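Student: I have a structure open and would like to go through it with you. Could we start with the pockets and then move on to other parts?

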Amino acid sequence: MSPLKAGDKAPQFSLPDQDGETINLSDFKGQRVLVYFYPKAMTPGCTVQACGLRDTMNELKSLNVEVLGISIDASERLSRFAEKERLNFTLLSDVEHKVAEQFGVWGKKQFMGKTYDGIHRISFLINPQGDIEHTFDTFKTSTHHQVVLDYLKQHLS
């Protein structure tokens with residue numbers, strides 16, 4: 001597994017959202033986009049991470065940042081997750097983990113002594129030109145939103 005780094009071109013992708021509508025990364029050309037990969041909707045850590053982003057969405061929007069959350073969950077599960085947690089951003093379904101592989105976040109994981117393939121919790125800030133501006137790979141689920149905001153405030157002012 002080798003995640004994309006700052007300066008890399010962000011892979012273009014099209015994925016179904018929580019409503020089954022196709023969303024393209026190119027729909028956000030000219031904007032900053034936080035693409036965050038998370039293992040599984042409606043699990044404790046992923047819920048904490050999503051709710052942190054939800055609660056700071058006004059601040060993120062004021063900095064012209066869109067948020068796209070990507071997991072291997074089906075659209076139906078993402079819809080239930082978004083509704084249950086009142087999420088105010090787009091969730092995308094990467095069931096075949098092709099986009100996760102393009103971003104370099106699909107790979108070996110360990111949990112309770114078992115090794116398996118899965119999504120690693122890594123986020124990418126994509127600049128308006130479509131390049132990776134920053135990779136967030138060291139954070140706690142409870143502080144992910146603050147790490148992103150701190151970076152943005154430091155680099156956009």
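Student: Which residues line the largest pocket?

Tutor: Bear in mind that this is a predicted model. In it, the lining of the largest pocket is made up of P39, K40, I72, D73, W106, K109, Q110, F111, Y116, D117, G118 and I119.

Student: Which elements give two or more residues to that lining?

Tutor: Those elements are β6, which covers 106–111, and β7, which covers 114–119.

Student: And how much space lies in the largest pocket, and what is its lining like by class?

Tutor: The space comes to about 260 Å³, and the lining has six nonpolar residues, four charged ones and two polar ones.

Student: D117 is on that list; what does its side chain meet in a salt bridge?

Tutor: The side chain of D117 meets that of K108, with an N to O distance of 3.2 Å. D117 has 41% relative accessibility and therefore counts as partly exposed, whereas K108, at 58%, counts as exposed.

Student: What about D73, which residue forms a salt bridge with it?

Tutor: That residue is R77, and the closest N and O atoms of the pair are 3.3 Å apart. D73 is buried, with a relative accessible area of 6%, while R77 counts as partly exposed because its relative accessibility is 23%.

Student: How many salt bridges does a search of the whole structure find?

Tutor: The search finds nine. One of them joins the side chains of R32 and E133, at 2.8 Å from N to O. R32 lies in strand β3 and E133 in strand β9 (residues 132–136), so this pair ties together parts that are 101 residues apart in sequence.

Student: Are R32 and E133 buried or exposed?

Tutor: Both R32 and E133 are buried.

Student: Changing topic to helix α1: how far apart are its end C-alpha atoms, and what should the helix span?

Tutor: Helix α1 runs over residues 44–55, and at 1.5 Å a residue its 12 residues should span 16 Å; the end C-alpha atoms are 16 Å apart, so the two values agree.

Student: Which residues of α1 are buried, and what covers them?

Tutor: The buried residues are C46, T47, Q49, A50, C51, G52 and L53. Their cover includes the strands β3 (32–37), β4 (65–71) and β8 (123–126), together with the helices α2 (57–62), α3 (75–85) and α5 (144–156).

Methods:
Residues are numbered from 1 along each chain as its sequence is written. This is a predicted model: local features need pLDDT of at least 70, side-chain atom pairs count only at pLDDT 80 or more; totals for chains, interfaces and linings use all residues. Side-chain values use heavy atoms; hydrogens and water are left out. Helices (H or I, at least four residues) and strands (E, at least two) are DSSP runs, numbered from the N terminus. The expected span of a helix is 1.5 Å times one less than its number of residues. Buried means under 20% relative accessible area, exposed over 50%, partly exposed in between (1.4 Å probe, protein chains only). Contact means heavy atoms within 4.5 Å. A salt bridge is a side-chain nitrogen of Lys or Arg within 4 Å of a carboxyl oxygen of Asp or Glu. On a 1 Å grid over the protein atoms alone, a cavity is a set of points where a 1.4 Å probe fits but cannot get out, and a pocket is an open set with protein on both sides within 12 Å along at least five of seven lines; lining residues have an atom within 4 Å of a point. Grid points are joined across faces, edges and corners, and a volume is the space filled by probe spheres set on the points. Ala, Val, Leu, Ile, Met, Phe, Trp, Tyr, Cys and Pro count as nonpolar, Asp, Glu, Lys and Arg as charged, and the others, Gly among them, as polar.
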